[in-house]
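Here is a protein to look around in. Open it up, and let's walk through it together.

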Amino acid sequence: MEEYIVSARKYRPMSFDTVVGQTALTTTLKNAVKSGKLAHAYLFCGPRGVGKTTCARIFAKAINCQHPTQEGEACNECESCQSFNEQRSYNIFELDAASNNGVEHIKTLMEQTYIPPQVGKYKVFIIDEVHMLSTAAFNAFLKTLEEPPAHVIFVLATTEKHKILPTIISRCQIYDFERMSVQNIVNHLKMVAEKEGVAYEEEALNVIAEKADGGMRDALSVFDQAVSFCQGDVTYAKVIEDLNVLDAENYFKIIDLSLENRVADVMLCLNDILSRGFDGGNLINGMGKHVRNVMMAKDPKTLPLLEVSDKQRQAYQEQAQKCDSKFLYAALKLINQCDVSYRQSSNKRLLVELTLIQIAQITQADDDAAGAGRRPGRLKTLFKQLIASTQSKPASQVAGTESVKLPTSAEKAKAAANVEAINTPSTKTFAGSGQLAAVRRLKIGALGPSFKSQETPQKVDPPVAEPLTTGGQQVAQQENFSQEQLMAQWLGMCNRMTSNPEYKVLGMRMKNITPQITQFPHVEVVCSNQQLYDELNAVKERIQLTLSKGLANKELSLNLRLAEQSELKPILTPQQCLEELKKANPMVEKLCKTLKLDLA
């Protein structure tokens, strides 16, 4: 029985012209071979499976060829080419830096550089996964890399360029390899299938190319797997079954149902998909890609951006004619929000269902007829009626207006407890006394939030420096306060700031600051960096006023300063915090060992 060789090895390119998807790089290398202008070190960077090591071998073979062609290719006939093809060449050395990453391995390599080639002009050293070398090995390699013997050429290959020392990068010519396009991969797979005598459907090869994510080696490996499963007849249905890929027809169906506002049918379709073992996250990702493709198909200029077969491109064009651009934009926004929240969600299925319901209601017309609001088709009617009823309230119920109707004696007695609760420090807002006075004039009937207030955040007005009052009586603001009271007011203010979109980020950063009483009633706030100092300085007066009212001391003053170097503490990771806690409390460490607890 003939020995089986995987397609990735069997159809590995042997010349520059057979390399797929790297035309610019191969042209540059061929021109360098033709002109004889060769550098002493090259660095090939790029993702896995795009031809870095393959191009390094072809390049090494071409520069040692005794009779290169006019295009810069090897002749495959001279002794040097024959020895390379038969894997017995002593002029080309390959080193796997992943397993030979020590100083001793680099020293052994450098000893080899002093021996001139027996056949050919150059000794070529190909170091694969060079980023795996240790720092000491890199440093030992520097001098030889910068000034190697005249007969030595280094070709370094890596998938993680950012891990290589800048001193190494500066000594090399850098070639960045690109990911393969879907069409290039499909064309190469067609060639392999024809040579192997394998029947195929173009849609099936497109699925394999998309699964490979730009890597030709991955595509050939998946192709071999599909050929084994399909027994020589690679069809679309068998490939999606073998690779556990969701059929694109499901996405077309969901969009068609959403355009018709058939929410129940969309839910049934989702249930069928999940019952077949597909993950909701994969469905959302596939939906995002599908809607993007439909959007690209609406304009003939963007149609070439679709990396699909001709049959699927036609299907996208047909659905694009049905979809309005506003629908596609809104659907993409909802899908993106679901994708961002999916990992943190405790009920992932419900999140996906809500997203699909919202997509199915994008094109739903507003229904003015009376409805109970129990069906998805009536949700818009329900919200519209509630908002309309809220907006139709008399102006006398709006907080902070001049035409507030004064409560009667009975109403005053009934609302005493609520008014006292409103005036407590825990409910004061960062807005200042202007809004606090408005809250005190608020009627009990207007305390509930409206849809209008929830929809549009209220703009915060600058505070007005006026004494804190309770029930119309001025409070003597000379009370003493402790560090604990100061910290409680500070955190309460930060929490209120985070509820305001304008101050959300600043409020979260202020939670990590601990204000200190330096000399009563003077408070000092230490800022860790200049940016935080500038942001706090812009609202310093408002912060001081808020703390002064919360602590009932009008003499309170706030001082900001930048932290000195000795005051800066490193930010600990959750794991480091746990280790510190274990050191401080041995019982925590014992509990973790007994219950085998660890951070998720």
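Predicted model: local features only at pLDDT ≥ 70, side-chain atom pairs only at ≥ 80, totals over all residues.

We'll begin with the overall picture and then visit a few spots.

Residues are numbered from 1 along each chain as its sequence is written, and side-chain values use heavy atoms, with hydrogens and water left out.

The protein has 28 helices and twelve strands; helices (H or I, at least four residues) and strands (E, at least two) are DSSP runs, numbered from the N terminus. Of its 600 residues, 40% count as buried. Buried means under 20% relative accessible area, exposed means over 50%, and partly exposed is in between (1.4 Å probe, protein chains only). The accessible surface comes to about 34300 Å², and 52% of that belongs to carbon and sulfur atoms; such areas come from the Shrake-Rupley method with a 1.4 Å probe, and for residues only the protein chains shown count as cover. Now for contacts, meaning heavy atoms within 4.5 Å: among those between residues at least 6 apart in sequence, 70% join residues at least 24 apart.

On to the rings. The structure holds nine aromatic pairs. Rings of Phe, Tyr and Trp (its six-membered ring) pair if their centres lie within 6.5 Å; planes under 30 degrees apart count as stacked, over 60 as edge-to-face and the rest as tilted. Take Phe 125 and Phe 154: their ring centres are 5.7 Å apart and their planes stand at 35°, so this pair is tilted. Phe 125 sits in strand 3 (residues 123–128) and Phe 154 in strand 4 (residues 152–158), so the pair ties together parts that are 29 residues apart in sequence. Both Phe 125 and Phe 154 are buried.

Phe 252 and Tyr 316 make another tilted pair, at 5.0 Å centre to centre and 45° between the planes. This one links distant parts of the chain, since Phe 252 is in helix 12 (residues 248–259) and Tyr 316 is in helix 15 (residues 310–322), 64 residues apart. Phe 252 counts as buried at 9% relative accessibility, and Tyr 316 is buried too, at 6%. Elsewhere, Tyr 42, Phe 44, Phe 59, Tyr 175 and Phe 177 form one aromatic cluster.

How is helix 9 placed, mostly covered or mostly open? Covered: eight of the eleven residues in helix 9 (residues 202–212) are buried. Among them are Leu 205, Val 207 and Ile 208. What covers the buried residues of helix 9 includes helix 8 (182–196), helix 10 (216–230), helix 11 (236–242) and helix 15.

Leu 506 is buried, with a relative accessible area of 9%. Leaving aside neighbours within four places in sequence, Leu 506 is in contact with Met 497, Leu 532, Glu 535, Leu 536 and Val 539. Of these, Glu 535 is 29 residues from Leu 506 in sequence, and the two are 7.6 Å apart in space, C-alpha to C-alpha.

Finally, look at Ile 5, in the segment before helix 1 (7–10). At 37% relative accessibility, Ile 5 counts as partly exposed.
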